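Dear colleague,

Please find below the structure that I am handing over to you, followed by an account of what was found in it.

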Amino acid sequence: FQGLIIYILRKIIINKGIIVFVSAIIFALAHLTNSYLNAIQNFTIGILLAFAFLYWKAKSNDNWKGFESTMLIHSLHNLYQFGLSFIPAEALFKYF
């Protein structure tokens, strides 16, 4: 998803920082639920994913390497979030 956005943005925008920022905003909006906190979290992970894609694509000159790195980070993030869903909220915030 984000790779396609970055591909399109690279045809329009030259500055990679702006590409990362705009693709992260689109990523956050695509994952927007009823929580602004969720949008902020998805914006930050969107920055990481966009940066990883552009970094590995530039380093290897291969879209597949960019996709693999992004897929791995996204999968690990989702696995972590899924694991947290099994922990009761009281246990997570017990010491805060």
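A salt bridge is counted here where a side-chain nitrogen of Lys or Arg lies within 4 Å of a carboxyl oxygen of Asp or Glu. On that criterion, a search of the whole structure finds one salt bridge.

Two remarks on the source come before the details. This is a predicted model, in which local features need pLDDT of at least 70 and side-chain atom pairs count only at pLDDT 80 or more, while totals for chains, interfaces and linings use all residues. Residues are numbered from 1 along each chain as its sequence is written, and side-chain values use heavy atoms, with hydrogens and water left out.

Overall architecture

The protein has five helices and zero strands, where helices (H or I, at least four residues) and strands (E, at least two) are DSSP runs, numbered from the N terminus. The elements accordingly read α-α-α-α-α from the N terminus on. The C-alpha trace spans about 50 × 25 × 20 Å along its principal axes. Of the 96 residues, 26% count as buried (under 20% relative accessible area; exposed is over 50% and partly exposed in between, with a 1.4 Å probe and protein chains only). Among contacts (heavy atoms within 4.5 Å) with a separation of 6 or more, 42% come from residues 24 or more positions apart.

The salt bridge

Which side chains form the salt bridge? They are those of E68 and K65, at 3.9 Å from N to O. Both E68 and K65 lie in helix 4, three residues apart, about one turn of the helix. E68 is partly exposed at a relative accessible area of 30%, and K65 is also partly exposed, at 39%.

Helix 3 and helix 4

Two packed helices are described by the angle between their axes and the distance between the axes. Axes are lines fitted to C-alpha atoms, for helices over the stretch in contact, and angles run from 0 to 180 degrees between N-to-C directions. The axes of helix 3 (residues 36-60) and helix 4 (residues 63-84) come within 7 Å and cross at roughly 150°. Among the residues making the contact are I45, L49, F53 and W56 of helix 3 and F67, I73 and H77 of helix 4. By class, this contact has eight nonpolar, nine polar and two charged residues (Ala, Val, Leu, Ile, Met, Phe, Trp, Tyr, Cys and Pro count as nonpolar, Asp, Glu, Lys and Arg as charged, and the others, Gly among them, as polar).

In the loop between helix 3 and helix 4 lies N61. N61 has a positive phi of about 55° although it is not a glycine, and N61 is exposed, with a relative accessible area of 65%.

Helix 1 and helix 3

The axes of helix 1 (residues 2-12) and helix 3 come within 10 Å and cross at roughly 65°, which means that helix 1 is roughly perpendicular to helix 3. This crossing is right-handed. The contact is made by Q2, G3, I6 and R10 of helix 1 and G46, L49, A50, F53, L54 and K57 of helix 3.

Yours sincerely

Methods: Angles under 35 degrees count as roughly parallel, over 145 as roughly antiparallel, 65 to 115 as roughly perpendicular and the rest as oblique. A crossing is left-handed if the near helix is turned anticlockwise from the far one by less than a right angle, and right-handed if clockwise.
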